[in-house]
Amino acid sequence: MTFKQAAEFIVERRKAELDAAAAIFYDALKQNPQLLSVETELRALALAEAKKGCRVTWSPDNLGNGAVDTACNAELEIKKRALLKRFGLTDKTLSPPPRCFKCGDTARVNGDYCTCVKALALNDKQNLEIPYTSFSKIDYTRFEEAHRARNVAVYADVQKICEKYPGNKRRVIVIMGGTGTGKTLLAGCAADTFLKRGFAVAAVTAFGFVNRALKYHTTFDEQKLSHLEPLLDSDLLIIDDLGTESVLKNVTHEYLYSVLGERLNAGRLTLITSNTSQDGILSRYGDRIYSRLFDKELSYATTLGGRDLRLRE
């Protein structure tokens, strides 16, 4: 689903919810002449006050439940609410709140797509190539005792970064370590935290990243942007097992550098796991990518220790 499609879906869904609420209210009016009389008086009062220049708080979203700021409508409002109660109708039923309070289900904030649009567009199975689970479900006793305290501290640090986003400086997390030390597990916990907070997540393997970059590089139709959009616009991008992907000329390094740069400029979080050491990353990817991954101001980089958890009892 593209951002445009997601935005249209959210706006149409809100319209359908309001239309349904309006239908319920008008059905109640038809069934109860007394309620219809009260509502007619309230609207006439609102119109009269509006002509006088008084502040009117009624709006279409209120579906007839609004009122002018005058004492004369108080009795009618009380009577109306009592009548609605007979039908089992509440303010929430007649004026359902928007699902997203950031944009009010308009799909945009300050002219840009809201996070609810990105979450709807990006948070699907095709953009989540790694398993994810909650930090609360991790059995830390599985870590070797010699490395347990250090690894638990790393998990706690990453959890804090994810829970405080975007209210922190960290914009890149690099988790290094041997095979089976819990890097992907940690990345999955980060993804779960972001998803539960309503943010958009794209989690791809290094191979998946290169595959998407290659599709973007070789596509020249209207679908071109869809290959790269999740990597650029998700609030959290996870690239798992960096260093295992093929190095394709004009693709691998170039798009990794570009995506990292765009995300840093936009203030979005990128989490990378790798079996490669810090020196190995420098040797494989060069100074430009290395400086983006290990910026002392913006990056959290560390190594998990211990033997392969998958091979331990």
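A charge is said to sit over a ring if NZ of Lys or CZ of Arg is within 6 Å of the ring centre and within 35 degrees of the ring normal. The legends below concern a predicted model, in which local features need pLDDT of at least 70 and side-chain atom pairs count only at pLDDT 80 or more, while totals for chains, interfaces and linings use all residues. Residues are numbered from 1 along each chain as its sequence is written, and side-chain values use heavy atoms, with hydrogens and water left out.

**View 1. Two charged side chains lie over aromatic rings.** Arg 108 lies over the face of Tyr 113, at 4.2 Å from the ring centre. In the second example, the charged end of Lys 224 is placed over the ring of Phe 220, 5.1 Å from its centre.

View 2. Helices (H or I, at least four residues) and strands (E, at least two) are DSSP runs, numbered from the N terminus. Helix H11 covers residues 278-293, and although it has 16 residues, its end C-alpha atoms are only 10 Å apart, short of the 22 Å that a straight helix would reach at 1.5 Å a residue; this expected span is 1.5 Å times one less than the number of residues. A kink of about 130 degrees is centred on Gly 286, where the bend is the angle between axes fitted to the seven residues ending there and the seven starting there.

**View 3. Several elements cover the buried residues of H11.** The buried residues (under 20% relative accessible area, with a 1.4 Å probe and protein chains only) of this helix are Gly 280, Ile 281, Tyr 285, Ile 289 and Leu 293. Their cover, judged by contact (heavy atoms within 4.5 Å), includes strand E3 (172-177), helix H10 (252-266), strand E6 (269-274) and strand E7 (299-304).

View 4. Rings of Phe, Tyr and Trp (its six-membered ring) pair if their centres lie within 6.5 Å, and planes under 30 degrees apart count as stacked, over 60 as edge-to-face and the rest as tilted. By this rule there are 10 aromatic pairs. The rings of Tyr 290 and Phe 294 have centres 4.8 Å apart and planes at 35 degrees, so this pair is tilted. Phe 135, Tyr 140, Phe 143 and Tyr 155 form one aromatic cluster.

**View 5. Asp 192 is a buried residue of helix H7.** Asp 192 belongs to helix H7 (residues 183-196), and its relative accessible area of 10% makes it buried. Leaving aside neighbours within four places in sequence, Asp 192 is in contact with Tyr 132, Thr 133 and Ser 134.

Methods:
Buried means under 20% relative accessible area, exposed over 50%, partly exposed in between (1.4 Å probe, protein chains only).
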